[in-house]
Amino acid sequence: MTARAATNEALWVRVLLVVIALAFLTLFLFIPVGLVFGEALSDGLATYFAALTDPDAGAAIRLTLITAAIAVPLNVVFGLAAAWAITRHDFRGKGFLVAMIDLPFAISPVISGLVFVLLFGAAGIFGPMLAEADVHIVFAVPGIILATIFVTFPYVAREIIPTMAAKGRDQELAALTLGATGFQTFFRVTLPNARWALFHGVVLCTARAVGEFGAVSVVSGHIRGETNTVPLHIEVLYNEYQLTSAFAVATLLVLVALLTLVAKQAVSWLENRRVVA
Amino acid sequence: MNSSSSSSPAPAKRPRSYRPIPGLGLSLGISLFWIGLVVIIPLVALVLMSLRLDAETFWNVVTNERALMAYALSFGSALVAAIINLFFGLLLAWILVRYRFPGRGLLDAIIDLPLALPTAVAGIALTATFGPHGPVGEMLADMGIQGAYSRLGIVIALVFIGIPFVVRAVQPILKDIQPELEEAAATLGATRSQTFFRVILPALRPALLTGFALAFARGVGEYGSVVFISGNLPNKTEIVPFLIMTKLEQYEYSQAAALAFVMLIFSFGILFALNRFEKARRRLPRIVEATA
């Protein structure tokens, strides 16, 4: 028997703890995610691909991509601006600004969608005005984009701010001293330094934009082929008991989620490598 | 523009604090514009809309039996799930930081999956697992337990959603605990469990509380993963977000807003308490830092 350090647990305790943890993850993570693929392929590959190439599925994928393509860049601009203001300047009310950025994280997705229905819905504050102008926001694509922007709003800012704060202002000050303009400093010094944080923020923001369900569900109206994003399309299929198709489309989102995790690992690996080098 | 200075008796021309880095106006302007447009205006609309109800109706909407049951269910199941996550989150963080076993790196990466997985997918996947025909659901049914379409189902979904928050809050703090602390405890004759409960756990308490609060806050508002597995029976398995959805579908905008308003107050209360707690923690010297 080997002696164990006084600061470690007995072997049987360690094994037991690992086994319990693995059992927990199996129950809550591995079986459910495995079942998504199992159910999706339960009627064979032909059915699987038929569900993915269905015109409604195609429309849902297109709408999801358009939504992400609009929401993510806007939130990137905001995130960079907010990070520049917060980490490179001192002003009163900074704490308030940071709290506002975190706000959407604390709000139920349903409420995130609800607020836009209250603003632009038929019985909403601007509802009558919009009806007169024949502009449709709720139960239409603009509402979906607005709700997505709301829920993905903090991601980029939250990733860049800690990195930029940690890097400090010295490099920017040096660049400015050497005669660089503000924009030159930003694009040649700040942005390269924060690029991995930015990349990670964009990945998280995109993943959430693609996968958001609650908020989008409230404003969408679930019009097939028109206002269904991929998660909503899954819900519609599921509620119509087209389970195999629902799970087939869901595998796409599982793959997006797994890609997100891979990207995260890659970023932390690249960052660590840079520190060592 | 500058006429205001003439009214006061010529203040000594104090130079405005010198800002060596340009762009405050532009960056702050973009930030405030975007926050105002995307966050503040919608939330003001929510408050205005709920205030369209007179006090009596408002009170009635948020305190009728169905609403109270939904609030109790939302907050209750989020609390139970957060407590479960406290234990398993600590366990997972512990084995990931302290032990070396094959597949540890993969496990560490996969912990974030519930955050990355769209909630609707989580909902149907968990329902397939714990539902009457699912592999786990069948086993539960044999024991007379209904996994899906029950309150247990809601807790299961919230455990799934909340677990990364606790693990990721505890992990860095656990990594930072100096081995000398545990060595000292062992030298002084503490058993391993005494060291854990009297030395390690107190150092982790703030992180555990942070993770707990984050998991709880997320669980209270969760919608996507819950609606599939809960069955959404009024007074039984109906959470507040679903009740809000129902009111919206009935075009009861003000009632939906009132329910949401009360929920927001609670959520902000939790966030505020968390913020206060973190500030208090920063003021106290942590064991971890004191020994560094």
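This is a predicted model: local features need pLDDT of at least 70, side-chain atom pairs count only at pLDDT 80 or more; totals for chains, interfaces and linings use all residues.
**Stop 1: where the chains meet**

Colour chains A and B separately. The contact between them takes 74 residues from chain A and 69 residues from chain B; residues are in contact if their C-beta atoms, placed from the backbone, lie within 7 Å. Now pick helix α1 (residues 11–40) of chain A, which gives the largest share of chain A's side, 15 residues. Helices (H or I, at least four residues) and strands (E, at least two) are DSSP runs, numbered from the N terminus. By class, chain A's side has 56 nonpolar, 10 polar and eight charged residues. Here Ala, Val, Leu, Ile, Met, Phe, Trp, Tyr, Cys and Pro count as nonpolar, Asp, Glu, Lys and Arg as charged, and the others, Gly among them, as polar.

**Stop 2: chain A's domains**

Select 9–39 for domain 1 of chain A, then 41–276 for domain 2; such bounds come from an automatic or database domain assignment. Their centres, taken over C-alpha atoms, are separated by 31 Å. Five residues of domain 1 and eight residues of domain 2 make the contact between them.

**Stop 3: all of chain B**

Show chain B as a cartoon: you'll find 15 helices and zero strands. Buried residues make up 43% of its 292 residues. A residue is buried if 20 or more other C-beta atoms lie within 10 Å of its own, exposed if 12 or fewer, and partly exposed in between, with C-beta atoms placed from the backbone.

**Stop 4: a helix pair in chain B**

Select α9 (residues 151–176) and α11 (residues 192–221) of chain B. Their axes come within 8 Å and cross at roughly 155 degrees, which makes α9(B) roughly antiparallel to α11(B). Axes are lines fitted to C-alpha atoms, for helices over the stretch in contact, and angles run from 0 to 180 degrees between N-to-C directions. Angles under 35 degrees count as roughly parallel, over 145 as roughly antiparallel, 65 to 115 as roughly perpendicular and the rest as oblique.

Show side chains here: the residues that meet include Leu158(B), Phe165(B) and Ile173(B) from α9(B), and Leu204(B), Phe212(B) and Arg218(B) from α11(B). This contact has 15 nonpolar, four polar and one charged residues.

**Stop 5: a covered helix**

Move on to helix α13 (residues 240–249) of chain B. Eight of its 10 residues are buried, so the helix is mostly covered. Among the buried ones are Phe242(B), Met245(B) and Lys247(B). Just after α13(B), look for Tyr251(B), with a positive phi of about 60 degrees.

**Stop 6**

Finally, centre on Ile35(B), in helix α2 (residues 24–50) of chain B. Is Ile35(B) buried or exposed? Ile35(B) counts as buried, because 20 other C-beta atoms lie within 10 Å. Leaving out residues up to four places away in sequence, Ile35(B) touches Met100(A) and Ile40(B).

Technical notes
Residues are numbered from 1 along each chain as its sequence is written. Chains are lettered from A and ligands numbered from 1 in the order in which they are written. Two residues are in contact if their C-beta atoms, placed from the backbone, lie within 7 Å.
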